[in-house]
Amino acid sequence: MLATKTAADNLAQAAPVKGRSLWADARARFFRNRAAVSGLVVLIAVGLFAAIGPFIAPWNYEDIDWAVLGNVREAGRPSLETGHWFGTDALGRDLFARTVQGTQISLMVGIVGALIAVGVGTLYGAVAGFFGGRLDNLMMRIVDVLMSIPYMFVLILLLVVFGRSMLMLFIGIGLVSWLDMARIARGQTLTLRGKEFVEAAQATGVRPFTIIMRHIVPNLLGVVIVYSTLLVPSMIIYESFISFLGLGVQEPLTSWGALINDGAAEMNNGLLWILGFPLFFFVITLFAFFFVGDGLRDALDPKDR
Amino acid sequence: MLSYILKRLLIAIPVMLILIVGTFILMYTAPGSPFASERGVPPAVLANLERQYGLDQPFIVQIGSYIWNLVTQFDFGPSFIYRDQDVNDLIAQGFPVTLTYGFWSFVVAVLVGGTLGIVAAVRHNTWLDYLAVGISVGAQVLPNFVLAPILVLVFTLWLGWLPGGGWQGGQLEYIILPVIALSTSFMASIARIARASMLEVLTSNYIRTARAKGLPMRRVVMRHALKPALLPVISYLGPAFVGMITGSVVIDVYFSTGGIGQFFVASALNRDYGVMMGITVLLGALTIFFNLVVDLLYAWIDPKIRY
């Protein structure tokens, strides 16, 4: 009797048990996943590289080191003494500074492209799924139609016609990328539409658009986050593809695709570092994004386990 | 079935029109004349050139005659840069090349990827499974423009086994590297999809029944599990085809195969709108046609689809 009483007192005095939110649960699951955490570490490292690289690089990304030009094979090797830590490219420009610059642009295109895709796609899918019926049918047929067009060609056409600029690249890539997102968001919305809280909102007379923004979209967040981490690498691949063909960012600006293209052209001359360093950053970043994406999916999508 | 085919065809036609009209409008609104880049052309000559190509006509006449020529004669129009060749010549020259290695890439991706995925699922959690998963994860970060230089570095520069470019009428050793470079990432995706769906099918009840009545595993897989497990693979073939068409541009440019993608990039750099548009329309039509075939195939195989 006494024992139970003290136990009860102890319980009463102990701090109230903290509830674990869904997000805290997901965070715990994510951090238990070793591949995902190491992916995150790599991403942070690459991000830091892009952010502070320009301040520690002894050379500028567009300046030509005249001492190296003409003898890139010997003088342009990666070395600590000359300050060309990654060596120079075939024109004698510092590869470290250029890799930093390329990383900045590739990451930026990837993230902005994914943001556009997420914004447009989520809203589009949520609207189609929420209203359903004929509107849904029409909107999804449009997505089907757009999906069966080979986009890269239209995108390159856009870039050529309206001039190659970063803005055009963003718009073009954003236009391409929201279709999958729209489908996924619609599918999720369909299951949410019948839920009680939506019904309650409808019964109290909330306007449809407010319901979508306040009740549907926040509930799509988990799926959207997972999918957008997988979107970033595919946006990076898109951009690199175009830049590899020499149709993307313009000199002296550069991106991973353009750097890999430069490196591939110099491979025959034995200047392997020009290919190696950009390729290394490209591959580890993509790997990291895929691992983080997988980890997030396992963490946020409990159905899958 | 017939009405389903007709319905799908009826959807395909407006899609094609949207593509043609869209690219035409893009080309039409492009600033400047296609001939303006040539310096020192007197205005009279410019006007003459534009009249010769019909560019002085009103928009609706231009697009009308373009579509008319395209539909009735498969005439993709002139090139604005090469005076002696029109788009049809370039397509006739480049398309067979692209088609050849594209076809082989597709075959390799489907056969190798499908087999790999299914074997991995059947031998779940063995070294074969891990190998298949490893390959498909690795290939995810090696898109064709990354893989192509690596392949050339290893097989051409270091080992010296295979030529690093050229076509030579499509001899075997010139085809191998383009096919590997183009097919690997799709092979990996197909393997991943096939593995996942096969794993799901193998845990279903009717497979357990088949096993329980004493059928050997091989027979269960071939006879009962294979068809449903391949359905997701079939629905992936459409996107894979689009991806391969896009990827062929990189292959053509990197390996200098003389395929259609090389003309596309050259025309993009030259601002040769006629050629760009012709190739876009051709490949768009191909894609739409292929998607149609995939849809029909899917409807034919999947017993759940009623039309």
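Predicted model: local features only at pLDDT ≥ 70, side-chain atom pairs only at ≥ 80, totals over all residues.
**View 1. Chain A is built from 12 helices and zero strands.** Helices (H or I, at least four residues) and strands (E, at least two) are DSSP runs, numbered from the N terminus. Taken along the principal axes, the C-alpha atoms of chain A fill a box of roughly 85 × 65 × 30 Å. The radius of gyration of chain A is 25 Å, whereas a compact globule of 305 residues would have one near 19 Å; this radius is taken over C-alpha atoms, and the globule rule is 2.2 Å times the number of residues to the power 0.38. Of the 305 residues in chain A, 43% are buried. A residue is buried if 20 or more other C-beta atoms lie within 10 Å of its own, exposed if 12 or fewer, and partly exposed in between, with C-beta atoms placed from the backbone. Among the contacts in chain A with a separation of 6 or more, 71% come from residues 24 or more positions apart; two residues are in contact if their C-beta atoms, placed from the backbone, lie within 7 Å.

**View 2. Here we visit helix H9 of chain A, residues 196-203, where Phe197(A) is found.** Phe197(A) counts as exposed because it has 11 C-beta neighbours inside 10 Å. From Phe197(A) to Ile211(A) is 14 residues in sequence and 9.8 Å in space, C-alpha to C-alpha. Glu199(A) is found in helix H9 of chain A as well. With 11 other C-beta atoms within 10 Å, Glu199(A) is exposed. Glu199(A) lies 12 residues from Ile211(A) in sequence, and their C-alpha atoms are 9.9 Å apart.

**View 3. Chain B has 11 helices and zero strands.** Its pattern along the sequence reads α-α-α-α-α-α-α-α-α-α-α. The C-alpha trace of chain B spans about 85 × 55 × 30 Å along its principal axes. Buried residues account for 38% of the 307 residues in chain B. For contacts in chain B between residues at least 6 apart in sequence, 72% join residues at least 24 apart.

**View 4. In chain B, the axes of helix H4 (residues 87-122) and H10(B) come within 7 Å and cross at roughly 130°.** Axes are lines fitted to C-alpha atoms, for helices over the stretch in contact, and angles run from 0 to 180 degrees between N-to-C directions. H4(B) and H10(B) are therefore oblique to each other. Angles under 35 degrees count as roughly parallel, over 145 as roughly antiparallel, 65 to 115 as roughly perpendicular and the rest as oblique. On the H4(B) side, Leu90(B), Ile91(B), Gly94(B), Phe95(B) and Thr98(B) meet Ile260(B), Gly261(B), Gln262(B) and Phe263(B) of H10(B). This contact of H4(B) with H10(B) holds five nonpolar, four polar and no charged residues. Ala, Val, Leu, Ile, Met, Phe, Trp, Tyr, Cys and Pro count as nonpolar, Asp, Glu, Lys and Arg as charged, and the others, Gly among them, as polar.

**View 5. The axes of H9(B) and H11(B) come within 9 Å and cross at roughly 175°.** H9(B) and H11(B) are therefore roughly antiparallel to each other. Residues of H9(B), including Leu231(B), Phe241(B) and Ile245(B), meet residues of H11(B), among them Leu283(B), Phe290(B) and Ile301(B). By class, the contact of H9(B) with H11(B) divides into 13 nonpolar, four polar and one charged residues.

**View 6. In the largest nonpolar core, of 153 residues, those that touch the most other members are Ile156(A), Ile260(A), Ala148(B), Ile190(B), Val250(B) and Met276(B).** A nonpolar core is a set of buried Ala, Val, Leu, Ile, Met, Phe, Trp, Tyr and Cys residues joined through C-beta atoms within 7 Å. H9(B) supplies the largest share of this core, 19 residues. Leaving aside residues up to four places away in sequence, Ile190(B) touches Ala109(B), Val110(B), Gly113(B), Gly114(B), Gly117(B), Val233(B) and Tyr236(B).

**View 7. Where the two chains meet, 33 residues of chain B are in contact with 31 residues of chain A.** On the side of chain B that touches chain A, two or more residues each come from helices H1 (2-29), H6 (144-158), H9 (217-255), H10 (260-270) and H11 (273-301) of chain B. H11(B) gives the most to this side, with seven residues. By class, the side of chain B that touches chain A has 25 nonpolar, seven polar and one charged residues.

How values were computed:
Residues numbered from 1 in each chain as written. Chains lettered and ligands numbered in written order.
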